[in-house]
Amino acid sequence: MALLQIAEPGQSPLPHQVKRAVGIDLGTTNSLVASVRGGRAAVLADEEGAVMLPSVVNFSEPERPVVGAPALRLASQHPADTLVSVKRFMGRGREDALEEARRSHYCLSEDAQGLVRFTTASGDVSPVEASAEILRSLRARAESTLAGDIDGAVITVPAYFDEAQRQATKDAATLAGINVLRLLNEPTAAAVAYGLDSADQGVIAVYDLGGGTFDISILRLRAGVFEVLATGGDTALGGDDFDNVIVDWLQRSSGKDSIEPGQHRALKALARRTKEALSSESSVAVDLSSIWPDAPGVTLSRDQFEALIQPLVKRTLRACRRCLRDAELDQVDNVVMVGGSTRVPLVREVVSEFFAREPLLNIDPDQVVAIGAAIQADILVGNRPQSDVLLLDVIPLSLGLETMGGLVEKIIPRNTTIPVARAQEFTTYKDGQTALAVHIVQGERELVTDCRSLARFELRGIPPMTAGAAKILVTFQVDADGLLSVTAKEQATGVEASVSVKPSFGLSDSDITAMLQSSFQHAQGDKQARHLAEQRLAGWQLIEGLRAALAKDGAALLDAEERQLLEDATAALAALLEGTDAQEIKAQTESLGRLSEAFAARRMDKSIHEALAGVAVDTLAEKVGE
Amino acid sequence: MTSSPDLTQDYFSLFGLPVSFAIDRDELGARYRRLQGELHPDRYANASSYEQRLAVQHSALVNQAYQTLRKPLGRALYLMELGGVSQNDMSRHQIDGGFLIMQMELREKLEAIPELMEPDEAIEHLLDEINQDLRAEQRAFEQAYNGNDTEHAISACVKMQYLDKLLSEAERLEAKLIDG
């Protein structure tokens with residue numbers, strides 16, 4: 001939604017350079033950052049050589065959050081102040097999050113919009129703020145490794161994330177001072193990591209079982225284009241659940257009725273180690289004496305473990321079957337495994353049996369998403385102008401409208417390729433009615449109450465007419481990040497109705513502005529210098545883009561006068577950029593932007609013609625007689 | 001201020017293909033990917049915000065056009081729309097009684113399936129049956145459309161809509177049966 005697209009202050013003062021772009025896998029359990037250097041994508045390590053940053057933030061001391069492994073070490077003493085698996089709470093309301101919170105022993109509160117917040121020693125913290133701390137830490141790591149500011153990042157999200165969860169992720173990046181080039185679905189990123197170096201074609205299934213989410217996607221790769229055919233999954237199923245069934249089993253085996261919050265953390269760590277050991281051992285002795293001194297030692301065999309997790313693994317196969325059906329396919333050519341939980345032998349076994357294919361494993365399943373994201377970031381930031389790789393993604397959940405009786409009318413069905421725009425006509429039901437309320441929901445169910453509420457709109461300024469006479473065309477547009485925006489227009493009179501968007505979930509405009517301001521004050525404070533840097537960057541980007549466009553198409557698409565006009569305006573802006581008047585730079589940038597719109601439109605039309613001319617001139621000529 | 005994609009161009013011309021019910025799906029797919037390769041917003045990640053907006057609009061239009069033409073029913077409905085047949089004309093069309101009785105019979109079969117001993121096999125048979133009927137109506141549509149017989153084209157179109165709806169209901173039931 002436009003209201004949340006606040007550009008990150010500019011940090012790349014010099015154009016014409018190889019730009020620093022990173023891919024970030026913001027995971028439930030661990031997060032990673034990767035970058036392409038010297039043509040090779042690799043994950044970046046911290047000072048101690050660790051590549052995985054545990055997605056854990058400790059808020060015991062106000063103003064000094066601790067991130068990663070050190071935070072994990074504080075978890076036992078400060079369970080309520082140490083947030084793990086915050087990704088599960090992103091974009092969630094308090095009601096949704098209660099079950100999660102019960103397990104994790106967080107103290108929850110909610111904000112004015114019903115969004116969940118954690119009560120900690122540093123005050124209330126939102127999942128977005130906690131995620132921003134993780135992102136800030138990764139950004140610092142990347143900036144020290146790459147020796148300079150980051151120009152942009154691709155951040156991955158589970159394909160199954162809904163609008164609110166995506167928006168929350170983007171908000172977190174904005175708070176962390178990161179310029180988001182694109183939100184990319186994790187399975188798509190994994191396919192890119194595997195698919196780019198080969199001229200392969202075929203159908204790829206990406207089975208992604210991470211710490212907290214399960215995703216299955218089916219993609220077709222053809223002529224450099226990755227087309228997502230279908231996607232599915234479960235936002236609340238992952239390796240954490242394997243740990244939880246072990247915790248429950250340990251508790252039962254020791255005859256304990258209750259667990260203290262600190263004990264739960266310790267048990268969970270023990271369960272995780274046990275699970276990991278069972279990937280290579282056939283049974284593991286578990287020593288519980290540090291948690292319950294009176295507990296007898298217990299042994300968990302791999303068979304027992306597999307019986308415990310069998311129902312969870314089966315749940316993933318149901319999603320695979322549904323996804324295959326949605327893609328209208330019976331089989332796939334390749335299976336890519338993603339996520340640490342695919343190290344569990346039972347998972348590998350069951351998945352290779354289901355698809356009748358040995359899964360691809362040559363890229364570390366914990367790193368493959370970050371690596372794919374880094375490659376895509378490198379392309380998007382403009383470092384590979386010749387690349388013809390393109391990702392065509394889909395929306396994971398249907399978008400609909402509330403109609404009479406609390407029913408949902410679907411406007412854009414799930415698995416529709418994005419970007420997408422659909423228009424729907426509305427009318428008034430009362431004489432003289434000047435406003436119309438629209439409620440947008442996301443989900444597959446028939447009742448509004450079973451779907452996620454995304455936004456409520458009020459269309460105002462409709463000219464008074466008799467009931468049913470007004471024709472209001474509402475256009476829903478989902479961009480390449482999977483984010484929605486809405487515009488409305490009254491058809492009969494041509495009046496554009498004003499639309500006010502109030503996201504039911506996600507941050508409001510003023511929320512994010514306030515948070516940004518406070519985080520800026522924290523960081524460096526000098527707002528004016530920042531503002532100037534922002535305006536200069538915007539100006540440079542426009543000049544850079546326009547000069548390239550003029551060099552390529554100026555002669556063909558513009559007459560001498562038009563061209564002179566644009567060149568003069570460009571030179572005027574370039575001169576202003578030497579100075580320090582941010583207001584003047586902004587005004588000239590906007591004016592040059594408007595001046596170049598017609599040129600941009602002509603270039604777009606030219607692209608269409610060239611694209612088709614390139615296909616097969618013979619067949620084209622034959623068929624349409626050109 | 002914002003200029004929209006050229007909506008006056010029909011979807012077939014957008015892909016440089018002749019306006020026709022028969023279509024080369026591979027060729028359509030290849031042209032679709034070629035167009036997206038030029039117009040997708042990812043190609044404009046560093047362009048001005050105006051160009052980015054334009055790219056989203058164009059790319060969305062190409063997606064919409066592709067989805068419309070990809071499947072026979074979408075293509076048939078779109079051809080009718082191009083020929084000036086409104087949604088209203090379609091819904092006013094009188095369907096012959098024989099077809100409606102056949103539909104009711106198919107529907108009853110569908111509803112009885114969950115109670116059967118071998119529902120999996122039954123649903124497969126029913127899906128085959130519906131698909132055969134659909135193909136027959138597609139042929140009828142093509143013939144009527146090519147012969148400028150609007151009445152029969154509308155009739156085939158409406159029948160395809162009925163069958164398509166039934167088909168998705170049958171597929172939903174199949175999904176339920178597979179998932180257990």
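Helices (H or I, at least four residues) and strands (E, at least two) are DSSP runs here, numbered from the N terminus. I am working on a predicted model, where local features need pLDDT of at least 70, side-chain atom pairs count only at pLDDT 80 or more, and totals for chains, interfaces and linings use all residues. Residues are numbered from 1 along each chain as its sequence is written, chains are lettered from A and ligands numbered from 1 in the order in which they are written, and side-chain values use heavy atoms, with hydrogens and water left out.

Where does A:E328 sit? I find A:E328 in the loop between α8 (302-326) and β18 (334-338) of chain A. Its phi is near 60 degrees, a positive value in a residue that is not glycine. For accessibility I use these cut-offs: buried is under 20% relative accessible area, exposed over 50%, and partly exposed in between (1.4 Å probe, protein chains only). A:E328 comes out at 55%, so I note this residue as exposed.

Chain B has a positive phi to log as well: B:N148 is near 55 degrees and is not a glycine. I place B:N148 in the loop between α7 (119-146) and α8 (150-179) of chain B. B:N148 is exposed because its relative accessible area is 69%.

I also logged a cis peptide bond, from A:I418 to A:P419, with omega near 5 degrees. A:P419 belongs to the loop between β21 (407-412) and β22 (420-426) of chain A.

**Entry: chain B layout**

Chain B splits into domain 1 (11-70) and domain 2 (88-179); the bounds come from an automatic or database domain assignment. I get 31 Å between the C-alpha centres of the two domains.

**Entry: where B meets A**

With contact taken as heavy atoms within 4.5 Å, 43 residues of chain B touch 46 residues of chain A. How much area do chain B and chain A bury between them? I read about 4,000 Å², 57% of it on carbon and sulfur atoms. Buried area here is the accessible area (1.4 Å probe) that two parts lose on being put together, summed over both. B:R33, B:D42 and B:N46 supply 16% of what chain B buries against chain A, more than any other three residues.

Next I checked the charges, with a salt bridge being a side-chain nitrogen of Lys or Arg within 4 Å of a carboxyl oxygen of Asp or Glu. I count four salt bridges between chain B and chain A. B:D42 makes one with A:R182, the closest N and O atoms being 2.1 Å apart.

On the chain B side, α2 (25-39), α3 (49-70) and α8 each supply at least two residues that touch chain A. α3(B) gives the largest share, 13 residues.

B:Q64 is in helix α3 of chain B. Its side chain makes a polar contact with the side chain of A:R422 at 2.7 Å. That term means a pair of N or O atoms within 3.5 Å; within protein, one must be able to donate a hydrogen and the other to accept it, and residues adjacent in sequence count only if both atoms are side-chain atoms. Leaving out residues up to four places away in sequence, B:Q64 touches A:A421, A:R422 and B:Y11.

**Entry: salt bridges within chain A**

The whole structure holds 34 salt bridges over all chains. I picked out A:R88 and A:D240, which pair at 3.8 Å, N to O. A:R88 is in the loop between β7 (82-84) and α2 (94-104), and A:D240 is in helix α6 (residues 239-253), 152 residues apart. I have A:R88 as buried at 10%, and A:D240 as buried at 3%. Both belong to a salt-bridge network that also includes A:D241, A:D243, A:R272 and A:K275.

A:R452 and A:D162 form another salt bridge, at 3.2 Å, N to O. A:R452 lies in strand β24 (residues 452-460) and A:D162 in the loop between β11 (152-157) and α4 (163-175), 290 residues apart. A:R452 is buried at 15%, and A:D162 is buried at 7%.
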